[in-house]
Amino acid sequence: MQRRSIMVLGLLAAGLGACASQPPDFSYGGAGFQPNNVRLNLAYAERNFGDMRLYAGKPAEAAAALAQFEAAVAGMRDPATSIALPVRYGSQVAAAVREEREAIGIPLDVLPNQAAAALAAAVGPLQSGNQAAIRAALSNPVFTLGPDETLARLTNLPRMWTMESIAPILTRAAGSESGVVIR
């Protein structure tokens, strides 16, 4: 019996290893970040913001992942996309938005497409390391904490348990169609 239990545990471990998530990909399979392509943003949700620990000390990548999340939320709010996200997940998405916005100082009354644009505009300067450009990008009024604190928070994001937990559900929603739209 013990040998059988060990074999089962070994098979489970091998199966889990095979299901390990792929590393983040902000090239979106070569297509690049497209804020208005909700299905593409959702398709990469689990891969790019399913584990925010990956961005510790990497503010450009953190900003890119958060921009993608905000763009996905903006797209899901658009009735024209007809993304099928079961209604039961609406409160989780709203909680993930609150969690993310509190972490980096974006007010809840900022529209998701505005938050996505501000975050996306910061990615290039953060990648280049140009301090003046970083400061200018993070001085956007969307970031209420100011450029220095926003940079510090992007560099040291806390775990975003709610956003990370909803990421696989959002990825599955990328291939769906039913007209259920988050508002």
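**Aromatic pairs, helix packing and the nonpolar core**

Two aromatic pairs were found in a search of the whole structure, which is a predicted model. One of them joins Phe26 and Tyr55 in a tilted arrangement, with 6.1 Å from centre to centre and 45° between the planes. Phe26 belongs to the loop between helix H1 (2-18) and H2, whereas Tyr55 belongs to the loop between H3 and H4; the pair therefore ties together parts that are 29 residues apart in sequence.

The rings of Phe49 and Phe69 form an edge-to-face pair, because their planes meet at 75°, with the centres 5.3 Å apart. This pair likewise links distant parts of the chain, as Phe49 lies in helix H3 and Phe69 in helix H4, 20 residues apart. Phe49 counts as buried, at 0% relative accessibility. Phe69 is also buried, and its relative accessible area is 0%. A further arrangement involving an aromatic ring is found at Trp161, where Arg159 lies over the face of the ring at 3.9 Å from its centre.

These features are set within a protein of nine helices and zero strands. Of its 183 residues, 42% are buried. Among the contacts between residues at least 6 apart in sequence, 73% join residues at least 24 apart. The accessible surface amounts to about 9500 Å², and carbon and sulfur atoms account for 57% of this area.

The largest nonpolar core contains 48 residues, of which Phe49, Met52, Leu66, Met76 and Leu170 touch the most other members. Two or more residues are contributed by each of helix H2 (38-43), helix H3 (45-49), H4, H5, H6, helix H7 (131-137) and H9. The greatest contribution to this core is that of H4, which gives eleven residues. Beyond its neighbours within four places in sequence, Leu170 is in contact with Leu42, Ala45, Phe49, Phe69, Met76, Leu85 and Val93. Both rings of the edge-to-face pair, Phe49 and Phe69, are thus among the contacts of Leu170.

Helix H4 (residues 59-76) is largely enclosed by the rest of the structure, since 16 of its 18 residues are buried. Its end C-alpha atoms are 26 Å apart, in agreement with the 26 Å that 18 residues should span at 1.5 Å a residue. Helix H5 has 15 residues and reaches 22 Å from its first C-alpha to its last, close to the expected 21 Å. The buried residues of H5 are Val93, Ala96, Val97, Glu99, Glu100, Arg101, Ala103 and Ile104, and they pack against H4, H6, helix H8 (146-155) and helix H9 (161-173). H5 is followed by Gly105, which has a positive phi near 80°.

In the loop between helix H5 (90-104) and helix H6 (112-128), Leu111 was examined individually. With a relative accessibility of 42%, Leu111 counts as partly exposed. Apart from its neighbours within four places in sequence, Leu111 is in contact with Arg77 and Arg101, the latter being one of the buried residues of H5. The C-alpha atoms of Leu111 and Glu70 are 8.8 Å apart in space, although the two residues are 41 residues apart in sequence.

Asn41 lies in helix H2 and counts as buried, at 0% relative accessibility. When residues up to four places away in sequence are not counted, Asn41 touches Tyr28, Phe33, Gln34, Pro35, Gln68, Ala71 and Ala72. Leu126 is located in helix H6 and, at 10% relative accessibility, counts as buried. With residues up to four places away in sequence again excluded, Leu126 touches Pro59, Ala60, Ala63, Ile134, Leu151 and Leu154. Leu126 and Leu138 are twelve residues apart along the chain, and 9.7 Å separates their C-alpha atoms.

Note on methods: Residues numbered from 1 in each chain as written. Predicted model: local features only at pLDDT ≥ 70, side-chain atom pairs only at ≥ 80, totals over all residues. Heavy atoms only, no water. Helix = DSSP H or I, 4+ residues; strand = E, 2+ residues; numbered from the N terminus. Buried < 20%, exposed > 50% of the residue type's maximum accessible area, 1.4 Å probe, protein only. Contact = heavy atoms within 4.5 Å. Expected span 1.5 Å × (residues − 1). Core = buried A, V, L, I, M, F, W, Y, C linked by side-chain atoms within 4.5 Å. Phe/Tyr/Trp six-rings, centres within 6.5 Å; stacked < 30°, edge-to-face > 60°. Lys NZ or Arg CZ within 6 Å of the ring centre and 35° of its normal. Areas by Shrake-Rupley, 256 points an atom, 1.4 Å probe, with all protein chains shown as cover.
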